[in-house]
Amino acid sequence: MRELKEVFPKTLPVLAGYLFLGMTYGILAVTSGLPAWVPVLSALIVYTGSMEFLLVSILLAPFNPFSVLATTLMVGARHIFYGLAMLTKYRGTGRAKFYLIYTTSDETFALNCNAKIPEGMDKSKYYFWTSFLDQMYWVAGAALGAFFGSYITVSTEGLDFVMTAMFICIFLSQWLRDRDLLIQKYGKKVPWKQMLLAHAGELTGVLGSLLCLLIFGSEHFIIPSMILILVILACFRKRAEPIADELSHLQEGGIQA
């Protein structure tokens with residue numbers, strides 16, 4: 001239980017976010033005409049917020065298995081990068097490894113990837129409790145949304161944009177954080193090479209997606225974008241890793257301004 005006590009405070013920001021997003025999903029599902037148990041069950045089984053928002057329209061449309069498969073692959077393709085980043089972290093976690101893989105959401109990845117496990121604690125239990133708590137927050141949010149959604153009579157138009165808005169905010173937050181950390185070390189005159197390497201992930205994602213959008217069109221650009229981003233990041237990984245480690249060190253207070 002030491003691991004649970006250690007990770008619980010760290011998951012509170014996820015609790016706040018997941019309750020809101022989960023409630024939004026539950027409300028959207030119920031007000032769209034789905035039974036109240038559907039968002040709760042999908043939160044337990046599917047457990048991928050962006051796909052669950054799309055699941056509402058998928059379940060209400062004529063069933064097309066190939067379209068569903070393609071959509072799921074495109075939306076979940078970002079987990080390829082999560083998996084690569086967690087290869088060493090989850091090594092040696094035993095039976096918990098399968099559950100850890102299954103519950104690697106965006107926020108859980110962020111917590112476990114950056115986790116500094118105190119000496120003497122079991123890393124399998126540490127990662128497990130982080131993953132389990134985050135999933136339960138999502139389930140609780142979906143259940144609350146499904147309950148309250150049954151009593152909502154106002155328009156819920158626009159709720160399906162919530163996940164897109166969240167990813168935009170995450171992108172901007174990451175960009176500004178890295179910029180501020182570089183300024184903390186170098187002052188206002190940050191070397192341009194350091195700036196490019198620090199923002200390598202964000203720039204690769206934006207420019208790679210725009211390029212594939214122009215080449216393949218809006219209906220078919222996501223999978224090529226993911227492949228292109230994966231190839232570029234793999235090729236430049238050794239050059240980008242040192243600056244990423246440096247930024248992580250700065251964030252932890254290793255270097256004072």
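This is a predicted model: local features need pLDDT of at least 70, side-chain atom pairs count only at pLDDT 80 or more; totals for chains, interfaces and linings use all residues.

Me: Is Glu-6 buried, partly exposed or exposed?
Reply: Glu-6 is partly exposed, because its relative accessible area is 25%. Here buried means under 20% relative accessible area, exposed means over 50%, and partly exposed is in between (1.4 Å probe, protein chains only). Residues are numbered from 1 along each chain as its sequence is written, and side-chain values use heavy atoms, with hydrogens and water left out.

Me: Got it. What does Glu-6 form a salt bridge with?
Reply: With Lys-10, and the closest N and O atoms are 2.9 Å apart. A salt bridge is a side-chain nitrogen of Lys or Arg within 4 Å of a carboxyl oxygen of Asp or Glu. Side chains of opposite charge can pair when their charged atoms come close. Lys-10 is partly exposed, at 40% relative accessibility.

Me: How far apart are Glu-6 and Lys-10 in helix α1?
Reply: They are 4 residues apart in α1, so about one helical turn separates them. An α-helix has 3.6 residues a turn, so residues three or four places apart point the same way.

Me: How many salt bridges does the structure hold?
Reply: The structure holds 1 salt bridge.

Me: Let's zoom out. How many helices and strands are there?
Reply: The protein chain has 13 helices and 0 strands. Helices (H or I, at least four residues) and strands (E, at least two) are DSSP runs, numbered from the N terminus.

Me: And what percentage of the chain counts as buried?
Reply: Of its 257 residues, 35% count as buried. As for contacts, meaning heavy atoms within 4.5 Å, take those with a separation of 6 or more: residues 24 or more positions apart account for 76% of them.

Me: Switching to α2. Which of its residues are buried?
Reply: In α2, residues 37-45, the buried ones are Val-38, Pro-39, Ser-42 and Ala-43. They cover an arc of only 135° around the axis, which puts them on the same side of α2. That arc is taken from the directions from the helix axis to the C-beta atoms. On the other side of α2, Trp-37 and Ile-45 are exposed.

Me: What do the buried residues of α2 pack against?
Reply: They pack against α1 (2-31), α3 (49-60) and α8 (123-149).

Me: How do the axes of α2 and α8 cross?
Reply: They cross at roughly 170° and come within 8 Å. Axes are lines fitted to C-alpha atoms, for helices over the stretch in contact, and angles run from 0 to 180 degrees between N-to-C directions. The two helices are therefore roughly antiparallel to each other. Angles under 35 degrees count as roughly parallel, over 145 as roughly antiparallel, 65 to 115 as roughly perpendicular and the rest as oblique. On the α2 side, Pro-39, Val-40, Ala-43 and Leu-44 meet residues of α8, including Gln-135, Met-136 and Trp-138.

Me: What follows α2?
Reply: Tyr-47, whose phi is positive, near 45°. Most residues other than glycine have a negative phi, and most peptide bonds are trans. Tyr-47 lies in the loop between α2 and α3 and counts as buried, at 6% relative accessibility.

Me: Last topic, aromatics. How many aromatic pairs are there?
Reply: The count comes to 11 aromatic pairs. Rings of Phe, Tyr and Trp (its six-membered ring) pair if their centres lie within 6.5 Å; planes under 30 degrees apart count as stacked, over 60 as edge-to-face and the rest as tilted. Tyr-99 and Tyr-102 make a tilted pair, 6.3 Å centre to centre with 55° between the planes.

Me: How exposed is Tyr-99?
Reply: Tyr-99 is partly exposed, with a relative accessible area of 21%. The rings of Tyr-99 and Phe-128 also form a tilted pair, with centres 5.4 Å apart and planes at 50°. This pair links distant parts of the chain, since Tyr-99 is in α6 and Phe-128 is in α8, 29 residues apart.

Me: Which residues form the aromatic cluster?
Reply: Tyr-99, Tyr-102, Phe-128, Trp-129 and Phe-132 form one aromatic cluster.
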